[in-house]
Structures are given as structure tokens and as C-alpha cells.
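Work through the exercises below with the sequence and the coordinates side by side, and try each task before reading its solution.

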Amino acid sequence: MKSVRDDEMAMKFVTPMLWVALIAALSVGGSYVYACAAPFAAVGALAARKMDRATGLTLVLLAWSANQIVGYGLLDYPQTANSFAWGGAIGLGAVAALFAARVVGNFGWSNVVATVASFASAFIAYEGTLYLASFGLGGSDAFSFDIVSRILVINAVAFTAILALYAVVGLLKTGREKAIAVRA
């Protein structure tokens, strides 16, 4: 028979892994729908606010990998050196978003302010990394106000939706933990 301690340990391990799997799966869907506008700033900010560094980095890299697999496997991204370099720049931007959000989120602000600031810094780091890459790879015309605004909206909606889902899962987890405590 499993003990309460076994259940608690399983929840501590499984919950972050479920988030990694869920966000990676959502990245596949988002990559298919939005192609080059996958919400990596949102993923980085969520990972920074809700996960330890290693799990967050795993999440970001899996989301980026899923995006690349969908792009090259299903959406027929061009298989050129420039396209692969852009893929690398996107991955670097996603990691930069994570680390920027982690730094800003640790300034000691209230949870709400830290969450909003983490998202803002993640978006700036992500887009800034891509903008810098555009000087070597071309494509700086993709940073018009209209395009960047569209990417911001996609990321903000994704971030809000993922946070809402995270809150719902947290409520369900709390209910499960209370049930485990009652069993003990």
C-alpha cells in the first residue's frame, strides 16, 4: 500500500513534469497556428515565475524544440543556413526571456507586480535578442510596430491563459493534497 509520503513525493515530481509536457504540447499547437509567432516570452515568464531554474530551462528548450519540429516537419520551413540560424536565434531569445524574467521576478515586489514585470522583461529580452540577430541574419523589417504588437498580444494572451490554467491546476492539486491529508 502506498503511503501519504509516497503520494506527496510523486506530486512534487509529477507536477513540474506535467507542466513541461503540457506546455510542450501547447507549443506544438501554437507553433502550428502561429508559425513564427510562438509565445516564447510567455513560456519563459511562466517558467521563471513557477518553476525552479532547471525545470524552467527544460520547459523553454522543449517548447523551442517542439516549435522547430513543427516548423521544419509540418510547416515546411526552408532548410537553409539562414533559416537554421534564425531557429537558433529564436532558441537563444527564448532562453534570454527565461533568465530576464527570473532576474526581474526576484526584485522583492508583490506577486502581481513581479509577474507582470517578469512578463514584460521576458518579452523585451526575447524581441531584443531577435532584433539583434536581424542585423546579422537580415529581416529587421519584421520588427515594425504592427508586427511586434501582434507578437505582444499573442504572448500576453498565452501568458494569461497559461496562468489561469496554472491556477486551476493549483486548486485541483490543493484539493488532492487535502484529500491525502485527510487519509493520513
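**Exercise 1.** In what order do the elements of the protein run from the N terminus on?

Solution. The model is a predicted one, and its elements, read from the N terminus on, run α-α-α-α-α-α. Counting by type gives six helices and zero strands.

**Exercise 2.** Decide which part of the model calls for caution, starting from the pLDDT values.

Solution. Then turn to residues 1-11, over which pLDDT stays under 50, and for which the model has ten contacts beyond four places in sequence. Where pLDDT is low, the predicted coordinates should not be read in detail.

**Exercise 3.** Is Gly 44 buried or exposed?

Solution. First locate Gly 44, which lies in helix α2, spanning residues 40-50. Its relative accessible area is 0%, and because buried means under 20%, Gly 44 counts as buried. Next list its neighbours: leaving aside residues up to four places away in sequence, Gly 44 touches Val 60, Leu 98 and Ala 101.

**Exercise 4.** Classify Val 103 as buried or exposed, and find the surface patch to which Val 103 contributes.

Solution. Val 103 is placed in helix α4, which covers residues 81-105. With a relative accessible area of 52%, Val 103 is exposed, because the cut-off for that class is over 50%.

How values were computed
Residues numbered from 1 in each chain as written. Predicted model: local features only at pLDDT ≥ 70, side-chain atom pairs only at ≥ 80, totals over all residues. Heavy atoms only, no water. Helix = DSSP H or I, 4+ residues; strand = E, 2+ residues; numbered from the N terminus. Buried < 20%, exposed > 50% of the residue type's maximum accessible area, 1.4 Å probe, protein only. pLDDT = per-residue confidence, 0-100. Contact = heavy atoms within 4.5 Å.
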